Amino acid sequence: MKNLTLFLLSVCFLMACTNTEKQTEKQKEMNRFIDSLMGQMTLEEKIGQLSQCSGEFATGPDNNPISRTEDISKGLIGSMLNVSGAEKTRRMQEAAMQSRLRIPLIFGLDVIHGFRTGFPIPLAEAASFDLDAIERSARCSAIEASASGLHWTFAPMVDISWDARWGRVMEGAGEDPYYGSLVAQARVRGLQGDDLSADNTILACVKHYAAYGAPMAGKDYNSVDMSMGHFANFYMPPYKAAMEAGAATFMSSFNDFNNQPATGNSFLLRHLLKKEWGFDGFVVSDWGSVQEMVAHRYARDEREAALKGITAGLDMEMVSECYRNNLAELVKEGTIDESLIDDAVRRILIKKYELGLFEDPFRYCDVEREKEIVNSQPLRDEARYVAERSIVLLKNEQNILPLSPSVKSVALIGPLAKSQKDMCGSWSCADQNKVITLFEAMQQRGLTINYSDGYDLKTDEITNLQHTLAQVRKSDVTIIAMGEEAWESGEMRSKADINIPAGQQKLVEEIVKTGKPVVVLMMCGRPVIFNTVREKAPAILCTWWLSSEAGPAICNVLWGDYNPSGKLPMTFPQHIGQIPLYYQYKSTGRPAGQDVWCTKYIDITDQPAYPFGYGLSYTRFDYDNVRVEKSDEKGVYAYVLVDITNSGNYDGEEVVQFYVRDEYASITRPVKELRGFEKIALKKGESRTVKFPVTDKQLGFYNNDMEYIVEPGEFTFMVGRNSQDVESVSFTL
Ligand code: BGC
């Protein structure tokens with residue numbers, strides 16, 4: 001046996017050596033190819049590679065997307081965005097093949113949550129706390145998008161945010177840097193697979209680098225101001241984690257960071273990302289953000305914007321034309337060295353090479369493959385799987401849910417129940433007419449649906465109340481679909497008030513008065529405030545925007561075919577004035593709740609509506625015997641253990657959460673930070689011990705010099721079902 005093991009080990013070793021040799025041989029071959037290509041390129045052709053133009057539609061303030069065929073065929077454009085489809089991309093690629101050096105284009109699009117098959121918005125997916133499901137979702141996006149001519153998605157957005165007024169929270173993984181980092185990595189892995197040269201993987205683009213999720217007052221595009229220590233501990237980790245997972249590209253953000261726009265910020269791009277972290281991919285600007293350095297008053301004109309961008313390490317310019325119009329002159333007059341341009345070009349050509357485009361520029365443009373894959377059933381099945389896991393049960397008085405199979409008639413209230421467009425959510429590429437709404441899904445279940453609009457989404461007036469109440473009275477149960485329309489969350493959709501409109505909430509109150517069982521479905525792209533509903537409705541599910549399979553997924557949860565397991569990845573406030581709101585606040589010198597002289601509001605409690613990590617199940621999970629065991633394993637200081645029992649009446653899944661507090665440190669530290677979680681499935685009556693390792697990752701932090709350190713001393717470990725409901729044990733390192 002020993003010999004066999006040795007033999008296998010040596011075979012593995014030999015294989016590893018050969019692979020590395022092959023790798024380096026492959027790399028050498030690539031470098032030779034790119035050197036030779038660059039040797040033939042004119043300065044104008046090089047600058048062309050740094051230019052990205054928008055095709056069919058605009059996702060920013062431009063206005064007439066022009067056909068670029070002529071420039072493409074002259075080799076003056078390196079990439080197109082907002083074009084997709086095997087046929088359309090083939091036509092453009094054919095134009096690129098007419099250029100002197102036949103350098104292929106790369107096609108990018110915002111494939112944010114699924115392509116033609118829509119997956120839940122990213123914030124919703126994050127609520128699944130299921131990294132495998134999240135990775136699979138990204139994998140599906142890549143498979144479908146690549147079949148439609150795309151090589152590159154501008155995702156994942158990994159921006160941490162503590163501000164639900166900022167509409168783009170819907171695109172991220174919520175408020176927590178530890179969890180956000182794991183989600184970022186899962187998404188990168190899903191998109192890129194382990195081989196970019198496979199024809200069903202696409203380049204990921206980590207955005208928006210950096211700190212875009214912290215605009216002042218939650219206003220999109222607003223200035224950002226934070227200390228380096230704060231950045232390093234709370235905002236930076238997901239970018240770094242995504243880089244470490246091998247993300248091929250980064251996007252610079254619109255905002256300024258430390259008083260310089262991110263797009264022209266040498267510290268962020270050249271120093272931290274490229275030098276310190278060793279990022280070897282390329283950085284694209286956000287839409288027009290090179291040119292916007294002029295509006296920032298950081299550059300006098302487009303020429304200076306180009307100079308600041310290229311000097312800072314910004315490789316490709318999206319949409320604006322500062323590079324195209326100025327870089328050549330800047331080189332010719334000696335203001336910048338051509339080596340700056342060469343470095344950017346090389347980074348871009350490497351990705352084109354790794355995608356296999358020099359071998360076959362049309363490998364993503366196969367119309368037959370597109371037909372077979374786009375909107376195919378396996379993708380829809382995956383979309384439903386993730387959608388079910390994204391739903392969060394917020395309240396379930398008297399166990400109204402799950403509905404019994406004997407429930408045959410349903411009063412379905414609210415136009416959102418029927419809206420394909422709104423089911424998709426913001427930044428959606430999904431085929432709207434293929435979205436199964438809640439209404440349709442209920443029809444498919446053969447239920448008697450007594451529908452009423454109930455309220456007017458535009459005016460927030462209750463409409464035809466008597467009719468609605470009559471529908472409620474004649475039904476076994478009432479389901480109210482309420483919340484936001486899709487356009488209300490997303491880019492440019494910052495809100496000063498995230499309360500659900502009063503009319504919608506009042507309607508719930510009226511319906512509850514009938515005494516009939518009521519379930520509220522909160523459809524939203526961000527944490528929203530709905531205090532009346534929270535108080536009056538006996539059952540509430542947060543169903544976010546779940547896209548193509550929204551209806552079936554919601555029905556499966558309502559009728560208990562899937563027992564909800566989602567947990568909130570962002571704190572839900574009870575009052576708008578609490579924002580920014582997050583669970584990992586610091587103690588302060590006058591800690592909350594201690595006295596009258598403490599940090600607090602005088603008009604509301606300090607409590608959120610729902611804390612980070614909150615979510616119920618149809619079953620009950622008991623947490624017992626939280627304990628620490630020291631460990632002798634290398635790199636592991638200890639294990640924290642907890643016994644979990646499913647003591648309710650259903651099989652179910654629970655996200656067991658592990659938080660750490662560093663009791664004293666050389667810088668002020670949060671009262672708790674998530675440092676581990678495990679999603680476990682337990683059958684009714686079953687128990688299991690969950691074990692969390694304690695390593696440097698759990699105990700360390702970035703000091704003010706941005707060094708990651710672990711300080712010996714006392715720690716408190718907490719395990720629980722959400723960030724508030726925890727049991728603690730102490731530990732000394
Ligand atoms: C957004 C980016 C997006 C880009 C291209 C910008 O407005 O901020 O997230 O990738 O447009 O569509």
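Which residues of the largest nonpolar core touch the most other members?

Guide: In this predicted model, the largest nonpolar core comprises 194 residues, and those touching the most other members are Phe231, Leu438, Met442, Ile479, Trp544 and Leu558. The domain assignment divides the chain into domain 1 (49-109 + 151-363), domain 2 (380-573) and domain 3 (621-732). Because domain 1 and domain 2 both give residues to this core, the core lies between them.

With residues up to four places away in sequence left out of the count, Met442 touches Val410, Leu412, Leu447, Ile449, Ile479, Cys555, Leu558 and Trp559. Two of these partners, Ile479 and Leu558, are themselves named among the residues that touch the most other core members.

Six residues of domain 2 are in contact with nine residues of domain 3. Between the two domains about 580 Å² is buried, and carbon and sulfur atoms give 41% of that area. On the side of domain 2, Asn563, Ser565 and Lys567 supply 71% of the area buried against domain 3, more than any other three residues.

Polar interactions also occur here. Five residue pairs are in polar contact across the interface of domain 2 and domain 3, and the count of salt bridges between these domains is one. Lys567 forms a salt bridge with Glu654, with 3.1 Å between the closest N and O atoms. By class, the side of domain 2 that touches domain 3 consists of two nonpolar, two polar and two charged residues.

Terms used. Residues numbered from 1 in each chain as written. Predicted model: local features only at pLDDT ≥ 70, side-chain atom pairs only at ≥ 80, totals over all residues. Heavy atoms only, no water. Domains from an automatic or database assignment. Contact = heavy atoms within 4.5 Å. Buried area = accessible area lost by both parts, 1.4 Å probe. Salt bridge = Lys/Arg side-chain N within 4 Å of Asp/Glu carboxyl O. Polar contact = N/O pair within 3.5 Å; in protein donor to acceptor, adjacent residues only side chain to side chain. Nonpolar A, V, L, I, M, F, W, Y, C, P; charged D, E, K, R; others polar. Core = buried A, V, L, I, M, F, W, Y, C linked by side-chain atoms within 4.5 Å. Buried < 20%, exposed > 50% of the residue type's maximum accessible area, 1.4 Å probe, protein only.
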